[in-house]
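Have the sequence and the 3D view ready.

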Amino acid sequence: MPVSDLSHSLPPPRLRSLFLLCFKIGILSFGGGLTGWLYQGFVLQQRWIDEDDFASSLAISQMLPGANVVNLVICMGEQLRGPIGALSCVVGFLVGPFFAVIALCQVFDALAGFALLPAISDGVAFAAMGLLVVMCIHGLRRAMRFPPSVAIVVVTAFLVGVLEMPLIPVVLVLAPISVALSWRRA
Amino acid sequence: MRFDTLVAIALVFIPFSLTSIGGGSAIVAGIQHEAVTVHGWVSSREFLDLFAVSRAAPGPGMMLATVIGWRVAGWLGAVIATLALFVPSSMLCYAVFKLTNNHRQKRWHRAMREGLAPVGIGLIIAGIISLFRLSHGGPSAIAIIGLAAAIFLWMPRFPVLGVLVLGGLVAALAATGF
């Protein structure tokens, strides 16, 4: 597919177009899968970003702290229009969900008298935990290629999840160890 | 008092912003500890409700911070929590992307990418454990989690919102004792 060849010749998008595309994806992206939406919008439909640039931005977004998709729109905004482009993307992306999540909270409160609500809420939370389980399965599969990574996964989960140690000190200790292990492997 | 609360919200979420490796799922356990146990902003029940709401709403799951801020201190609390959670990590990402994107093939960049990934996965597992502990998780909870995971794993095109609605319905049916 010569999609990536075409993208280089196109003029950079207007800030308003960046904002609107991110706004649309942000407000419509019920229940995740946002990376797929962004790929569809930026790479396939608008051809603003080519495939390789998208993949490398995604890797950086996943490696760094922060919501992966927010980091991803920042990288693409910067690449297309510099700092103001990054700002247009991130604000466009978050403004819709900000109001939507509060609105949903109010709907939830309005239904508080409904006897089945706690059970339904639990069920939604359990289904959402299934989403996390799948992320863990994919991540563990990748970690299997290098056994010390599996040990890092297990130790992190045990200290924070089972022993309930505070997350931040655990990350500050384990992250450098894990990076050092990968460095020696490479 | 109100000002103190807003400062407390910012001080809780800014460090989480910079430790949320792998995204918002990685800091659920930490946010739960701070919001429920340390500050007593919400009960365990409310926390689980807010988690469900933040996952059912559009946008990143990290909007959990927005609704906690809103619960604790209204609109201003929501704005402070959102900014505290998104601004530090966003600025870091911007700086790193700008400075290092040309060094992707270098050994240190690869070691950093590969080294941080397992920490992120471990934190997500910790999040599942602490959420499960908060919920009144019995056999039906494990069944719903497993069913949802199976759908997400083997039918990736199935709409996520549909799975969440299904989870709510199955739990409601189980509660009425069918």
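Here is a short briefing on chain B, the cysteines and one asparagine. This is a predicted model, where local features need pLDDT of at least 70, side-chain atom pairs count only at pLDDT 80 or more, and totals for chains, interfaces and linings use all residues. Residues are numbered from 1 along each chain as its sequence is written, chains are lettered from A in the order in which they are written, and side-chain values use heavy atoms, leaving out hydrogens and water.

**Chain B overall**
- Chain B has seven helices and zero strands; a helix is a DSSP run of H or I with at least four residues, a strand a run of E with at least two.
- Along its principal axes, the C-alpha trace of chain B spans about 60 × 50 × 25 Å.
- Of its 178 residues, 57% count as buried, meaning under 20% relative accessible area with a 1.4 Å probe, protein chains only.

**Cysteines**
- A disulfide is a covalent bond between the sulfur atoms of two cysteines.
- The cut-off here is a pair of cysteine sulfur atoms within 2.5 Å, and a search of the whole structure turns up zero disulfides.
- For Cys89(A), the nearest cysteine sulfur belongs to Cys22(A), 3.7 Å away.
- The sulfur of Cys93(B) sits 3.8 Å from that of Cys75(A), too far for a bond.
- Cys89(A) is buried at 0% relative accessible area, and Cys93(B) is buried at 0%.

**Asn68(A)**
- Asn68(A) lies in helix H5 of chain A, residues 68-110, and is buried at 19%.
- Leaving out residues up to four places away in sequence, Asn68(A) touches Ser61(A), Gln62(A), Gly22(B) and Gly23(B); contact means heavy atoms within 4.5 Å.

Terms used: Buried means under 20% relative accessible area, exposed over 50%, partly exposed in between (1.4 Å probe, protein chains only).
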